[in-house]
Amino acid sequence: MDETTHLIGLLLGTEEDWPTAFETLVARLGPIDDGAGRRHHLATERITMEPFDLRYTPRYHLVVDRLAYWYFLPREWLKKVALMDDVYLLNSPFTFQSMEKHAAYCAMLRLGLKVPRTVLVPHKNPPDNARFAYTAAKYNQPFDLDAVASEVGYPLFMKPYDGGQWIGVSRIRDSAELHRAYDASGQRLMHLQASIEGYDVFARSLSIGAETMVMHFRPEEPMHDRYAVDHDFLSPQVGDEVLTISRLINAFFRWEFNSCESLVRGGEAYPIDYANASPDVALTSLHYYFPWAMSALLRWCAFCEVTGRRPRLDLDTRSYFEIGDREDLSYDEKLAAYRRLADDYFEVERYQDFCASRLPHVDEMVLDWVCSADFDRLLVDTVRATYPAHEHDRFVGHLRGLLGQWVRERGASPAWTP
Ligand SMILES: Nc1ncnc2c1ncn2[C@@H]1O[C@H](COP(=O)(O)OP(=O)(O)OP(=O)(O)O)[C@@H](O)[C@H]1O
Ligand SMILES: [Mg+2]
């Protein structure tokens, strides 16, 4: 039988937990028979930074990127390997560089999604550009910040148009808070966004390729307690709506590893944040959902490599807008039509068949690993690297408890003590 090895490159920052998990699972996976006479092997390697000739041929077939959002060198390297060598990327640096939160809001508004009212206001302090003063004096209209805020209505959220990690995000109740936050925003461009008050539930969904996990999120809790283990917190309809919105936005921008946030109130889903180039997949925050995330990443990488799925850098916005612009379709009908396009982009049906026929052993393999002493070592090392010494016992116990629950729900028992 013909043998092929696919090298998956990991472009990493400071994280050790999920890369170690992923590397372990890839090593345990074994060969995949594609049913057409070829046996495929996956391998991983951490990518290092060095000068590169634009004409060189990389060894990687697929790259999981967690770095290029912040640094230029890996970003430009990704563009080279995408444009010249057809390397499959999670995610495309092109759309993530140019399409931040703001672009996602704009696209979703045109598609008819329920983004809360959002206004972009000019920055407080001028950019560092000697020519700005002349241009601003000539062309920038004076504006009344209080009037804009009153139009949006209090309470509102002021947040960077391209933000992440809550940096610069504030909840504003009145004019005094508005001015304080605006004065502090400096050169950052800010949105004023109507607050969804008194929402019933915050749904945060993590998508990896054709899989999405919609999780109950509690932003008011400390990091390790934000994801609640909660299976039926949304009605089946709203759960499906949140999944559709997530898949839609990911297919629209070609994001294959992304987390999306919706606030649900009275059965309606309001999307508030849909562009996270490096979604949180830390063991300490995902806990119970961590084995799912690692399995999904493994399955999606295997699917892309073994089936030779082609990376798509081009967007297909027109097909979505043609649906969004129609006046004869209701919101639900539009969502159903977007869902077909998004499912098609992610080849959901083919992916599911692939998992069932080519990767039937993955669930068992992941369960074995989570039960092993090897996994417990990773858990303990991660806690030691994340928290101060006096909290180690508490967090080891917390994580073992949640992972122990995940294991027992699958009818197994771990080699370590939950
Ligand atoms: N329109 C809104 N209505 C109600 N709450 C909001 C709204 N916008 C933001 N928030 C709250 O503020 C938090 C941070 O906002 P947002 O997600 O937009 O910023 P972020 O910097 O991208 O944060 P993260 O990186 O955690 O996703 C949200 O998790 C939510 O709790
Ligand atoms: Mg957010």
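Is E347 buried, exposed or partly exposed? At 21% relative accessibility, E347 counts as partly exposed, because buried means under 20% relative accessible area, exposed means over 50%, and partly exposed is in between (1.4 Å probe, protein chains only). Accessible areas come from the Shrake-Rupley method with a 1.4 Å probe, and for residues only the protein chains shown count as cover.

Okay, some housekeeping. This is a predicted model, where local features need pLDDT of at least 70 and side-chain atom pairs count only at pLDDT 80 or more, while totals for chains, interfaces and linings use all residues. Residues are numbered from 1 along each chain as its sequence is written, chains are lettered from A and ligands numbered from 1 in the order in which they are written, and side-chain values use heavy atoms, with hydrogens and water left out.

Now the overall picture. The chain has 16 helices and 14 strands; helices (H or I, at least four residues) and strands (E, at least two) are DSSP runs, numbered from the N terminus. The C-alpha trace spans about 70 × 50 × 50 Å along its principal axes. For 418 residues, a compact globule would have a radius of gyration near 22 Å, and the chain's 23 Å agrees with that. That radius is taken over C-alpha atoms, and the globule rule is 2.2 Å times the number of residues to the power 0.38. Of the 418 residues, 52% count as buried.

On to ligand 1. It has 20 residues around it, and the closest are K101, K159, Q165, W166 and D273; near here means that one of a residue's heavy atoms lies within 4 Å. By type, that shell splits into 10 nonpolar, five polar and five charged residues. For the record, Ala, Val, Leu, Ile, Met, Phe, Trp, Tyr, Cys and Pro count as nonpolar, Asp, Glu, Lys and Arg as charged, and the others, Gly among them, as polar.

What does the backbone do here? A polar backbone atom of W166 sits 2.8 Å from an oxygen atom of ligand 1. A nitrogen atom of ligand 1 lies 2.9 Å from a backbone N or O atom of A194, and a polar backbone atom of I196 is 2.9 Å from a nitrogen atom of the ligand. Taken alone, ligand 1 exposes 600 Å², and the protein buries 94% of that. The elements giving two or more residues to the shell are β7 (156–160), β9 (190–194), β10 (201–208), β13 (257–265) and β14 (268–273).

Q193 is buried, at a relative accessible area of 2%. The Q193 side chain makes a polar contact with the side chain of T118, at 3.0 Å. A polar contact is a pair of N or O atoms within 3.5 Å; within protein, one must be able to donate a hydrogen and the other to accept it, and residues adjacent in sequence count only if both atoms are side-chain atoms.

K101, from that list of closest residues, also turns up in helix α4 (residues 101–110), where K101, A103, A104, Y105, A107 and M108 are buried. Just after α4, G112 takes a positive phi of about 95°.

Next, the metal. Which protein atoms are donors to the magnesium ion, ligand 2? They are E261 (OE), E261 (OE) and D273 (OD), lying 2.2 to 2.6 Å from the ion. Donors are N, O and S atoms within 2.8 Å of the metal (3.2 Å for Na, K and Ca), and water is not among the atoms, so sites may look incomplete. E261 is buried, with a relative accessible area of 9%, and D273 is buried, also listed at 9%.

A cis peptide bond joins L90 and N91, with omega about 15°, and N91 has its place in the loop between β5 (88–90) and α3 (93–98). Another cis peptide bond joins Y154 and P155, with omega about -10°; P155 lies in the loop between α6 (145–152) and β7.

R254 has a positive phi, near 65°, in a residue other than glycine. R254 is in the loop between α8 (236–253) and β13, and R254 is buried, with a relative accessible area of 4%.

And back to E347: its phi is positive too, near 50°, and E347 lies in the loop between α12 (331–345) and α13 (348–358).
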